[in-house]
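Please open the model in your viewer, with the sequence beside it, and follow the stops below in order.

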Amino acid sequence: MMTDTTQSRGRVEIDDVVIRFKGKQGTVTALERTSHVLEPGTFTSLIGPSGCGKSTLMNAIAGFVTPAEGALRLDGKPITGPSPEVGVIFQQYALFPWFTALNNVRFGLKQFGLSKREEIDRARAALDEVGLAAHADKYPQQLSGGMKQRVAIARTFAVEPKVLLMDEPFGALDAQTRLVMHDLLLGIWRKHKATVLFVTHDVDEALLLSDHVQVMSQAPGRLIRHYHLTQERPRALSRSGNELLEIRDEILGLLHPKTMLADTL
Amino acid sequence: MAVTDLPRPPNATLPRVARVLSQGARTGATLGLPLISFAFVLGLWSLVGLSGVVKEAIFPAPWSVWSATVEMWRNGTLQTDLAKSLGRAAVGFGIGATLGVMMGLLTGRVAVVRTLLNPFLNLLRPIPAIALVPVAIVWFGIGEGSKYFVVSYTVFLTVWFNTHHGMQYVPETYLRAARTLGASKLREFATVVLPAAAPHIFAGIRLGVALAFLSLVAAELSGASSGIGFRLQEARQYVRTDRMFSLLIILGILGALADLVVHWIGKKLVHWEQG
Ligand SMILES: Nc1ncnc2c1ncn2[C@@H]1O[C@H](COP(=O)(O)OP(=O)(O)OP(=O)(O)O)[C@@H](O)[C@H]1O
Ligand SMILES: [Mg+2]
């Protein structure tokens with residue numbers, strides 16, 4: 001029987017994937033054999049110690065890095081390179097400084113061959129969605145970090161990717177701005193329903209945003225723990241029940257094995 | 001707390017004179033301060049001239065240089081020389097810069113061209129322009145051809161080198177962003193790679209302008225019958241240091257003006273690179 005196409009929009013299969021890099025001291029394994037499926041429209045956070053391979057896994061799904069073994073598939077098709085079906089939000093924004101906010105968004109829309117009018121309208125609508133309509137003609141250097149990341153989000157969502165990869169997108173922002181960005185991201189994600197993979201160092205951020213939290217081991221990384229979160233959004237650690245707090249403690253324990261060690265000694 | 005590490009608040013601790021000067025730098029803008037410097041040097045120079053400690057024939061006073069300038073203007077050689085030299089510099093620069101940018105884009109993007117040409121071009125770079133003049137004269141005679149060749153060759157190598165390196169340092173995240181946003185190779189090149197390399201290309205072009213003057217005078221010093229370089233050589237034969245000084249100052253002013261223009265154009269075109 002054929003699979004239901006509406007159900008398979010943005011399904012990412014990570015199938016026995018191993019990623020290695022050739023370095024000066026021989027080959028290093030950046031990602032141990034990993035298998036996992038990101039279901040369409042879900043929001044998954046990836047959390048783990050520095051250097052465990054989070055960015056590596058993400059770069060492989062984005063098509064920037066080719067796995068040494070195994071296969072990556074999007075809706076059944078092998079991922080062979082970067083494509084507009086997989087959007088990426090970079091920590092350092094990666095906005096083009098020679099384009100205004102509006103033209104940064106238009107850059108992604110060019111591939112659709114729209115009329116100029118339509119292209120501009122769509123780009124404006126995307127900026128409006130992130131609350132930056134008034135700043136459309138500013139250059140990235142004239143925007144704050146939070147505003148830059150909002151332009152990047154608008155630019156990526158405007159292309160309607162099936163999958164959205166975010167590598168510590170809010171890592172460079174202050175706590176206050178980060179909270180605003182969480183609301184914004186959840187709002188837009190709910191509307192566009194892309195499959196999101198979100199890398200973070202911040203356990204609280206992962207718990208507030210995700211349907212699934214995947215914890216990775218020390219390098220060379222693999223997935224060691226999975227939590228499925230079903231609490232209503234918007235969440236807050238203080239009022240979303242004790243369960244989130246317990247999960248938080250567990251994850252912190254996994255991330256800092258030394259404190260666990262201290263308990264057993 | 002490490003107070004010494006804090007940036008010094010502007011003005012607060014500076015002496016009064018420095019404060020006035022630094023304020024001048026901000027408000028009196030870019031023209032005022034250089035003028036102070038020029039006036040200072042001119043004053044010193046006049047004092048030396050007035051004191052008579054150095055012979056005029058060796059080190060002419062400012063007013064002698066001025067009258068030599070007027071003299072060259074009156075008999076029309078200055079205008080012809082300027083026109084000739086500027087024309088040669090412009091043509092040579094135009095050819096060299098155009099070819100340099102094109103070659104830089106090629107070696108920066110096409111691996112085959114890079115493999116075939118880069119080591120060779122890098123070998124050419126240390127050869128000084130002056131050393132080329134004899135070859136140029138054999139190839140192109142003492143007419144315009146040899147001047148164009150020497151100038152465009154020198155400009156070409158510098159512009160090529162900077163363009164090529166600009167292409168190497170296009171940040172990887174820009175390319176990745178472009179690819180995930182569905183850009184074709186052509187659009188990626190035109191709207192991502194090129195603008196990202198533009199600051200380097202302009203740095204090369206600016207160097208190229210300076211080198212155009214340098215190599216032009218080198219070419220004109222031997223084997224030419226007009227131009228600023230030729231006139232310098234002629235002034236040496238008649239021991240006219242006043243004319244030499246005049247021509248040297250004119251060269252300096254021309255070079256500085258050309259640099260200003262290129263810098264200004266670069267700033268307009270690469271407007272996002274400031275600060
Ligand atoms: N291009 C590369 N070449 C060689 N080694 C690499 C490359 N990229 C990553 N690595 C190595 O792979 C391992 C995983 O790196 P990765 O960047 O995926 O970690 P990470 O989990 O994202 O860390 P962080 O939280 O600090 O961002 C590291 O040991 C790193 O040195
Ligand atoms: Mg990383």
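Which polar backbone atom lies 3.0 Å from an oxygen atom of ligand 1? It belongs to A:Gly53. Before going further, note that this is a predicted model, in which local features need pLDDT of at least 70 and side-chain atom pairs count only at pLDDT 80 or more, while totals for chains, interfaces and linings use all residues. Residues are numbered from 1 along each chain as its sequence is written, chains are lettered from A and ligands numbered from 1 in the order in which they are written, and side-chain values use heavy atoms, with hydrogens and water left out.

**Stop 1: the ligand**

Select ligand 1 together with its shell, that is, the residues with a heavy atom within 4 Å of the ligand. The shell is made up of A:Phe21, A:Ala30, A:Ser50, A:Gly51, A:Cys52, A:Gly53, A:Lys54, A:Ser55, A:Thr56, A:Glu168 and A:His201. By residue class it divides into three nonpolar, six polar and two charged, where Ala, Val, Leu, Ile, Met, Phe, Trp, Tyr, Cys and Pro count as nonpolar, Asp, Glu, Lys and Arg as charged, and the others, Gly among them, as polar. Helix H1 (residues 54-62) of chain A supplies the largest share of the shell, three residues; helices (H or I, at least four residues) and strands (E, at least two) are DSSP runs, numbered from the N terminus.

Now display the side chains of A:Ser55 and A:His201. A polar side-chain atom of A:Ser55 is 2.7 Å from an oxygen atom of ligand 1, and a polar side-chain atom of A:His201 is 3.0 Å from an oxygen atom of ligand 1. Of the 630 Å² of accessible area that ligand 1 has on its own, the protein covers 58% (Shrake-Rupley method with a 1.4 Å probe; for residues, only the protein chains shown count as cover).

**Stop 2: the nonpolar cores**

Next, select A:Ile61, A:Phe96, A:Trp98, A:Phe107, A:Leu165 and B:Val192, which have the most contacts inside the largest nonpolar core, a set of 72 residues. Such a core consists of buried Ala, Val, Leu, Ile, Met, Phe, Trp, Tyr and Cys residues joined through side-chain atoms within 4.5 Å, and buried means under 20% relative accessible area, exposed over 50%, and partly exposed in between (1.4 Å probe, protein chains only). Helix H9 (residues 185-221) of chain B gives the largest share of this core, twelve residues.

Centre the view on A:Phe96, which, leaving aside neighbours within four places in sequence, is in contact with residues of chain A, including A:Asn104, A:Phe107, A:Pro140 and A:Arg155, and with B:Tyr174, B:Ala177, B:Ala178 and B:Val192 (contact means heavy atoms within 4.5 Å). Another core, of 37 residues, lies apart from the largest one and has A:Val105, A:Met181, A:Leu184 and A:Val196 among its members.

**Stop 3: A:Glu129**

Select A:Glu129, which is placed in helix H3 (residues 116-129) of chain A and is partly exposed, with a relative accessible area of 27%. Its side chain makes polar contacts with the side chains of A:Lys191 (2.9 Å) and A:His192 (3.0 Å). A polar contact is a pair of N or O atoms within 3.5 Å; within protein, one must be able to donate a hydrogen and the other to accept it, and residues adjacent in sequence count only if both atoms are side-chain atoms.

**Stop 4: chain B and helix H10**

Colour chain B by secondary structure: it has eleven helices and zero strands, and buried residues make up 39% of its 275 residues. Then select H10 (residues 228-237) of chain B, which is largely enclosed by the rest of the structure, because seven of its ten residues are buried. These are B:Ile228, B:Gly229, B:Phe230, B:Arg231, B:Leu232, B:Glu234 and B:Ala235, and their cover includes helix H3 (62-74), helix H4 (77-109), H9 and helix H11 (241-269) of chain B. Just after H10(B), B:Val239 takes a positive phi of about 50 degrees.

**Stop 5**

Finally, select B:Glu220 in helix H9 of chain B, which counts as buried at 1% relative accessibility. The side chain of B:Glu220 makes polar contacts with the side chains of B:Ser85 (2.9 Å) and B:Arg88 (2.6 Å). B:Ser226, in the loop between H9 and H10 of chain B, is also buried, at 12% relative accessibility, and its contacts beyond four places in sequence are B:Asp81, B:Lys84, B:Arg88 and B:Glu220.
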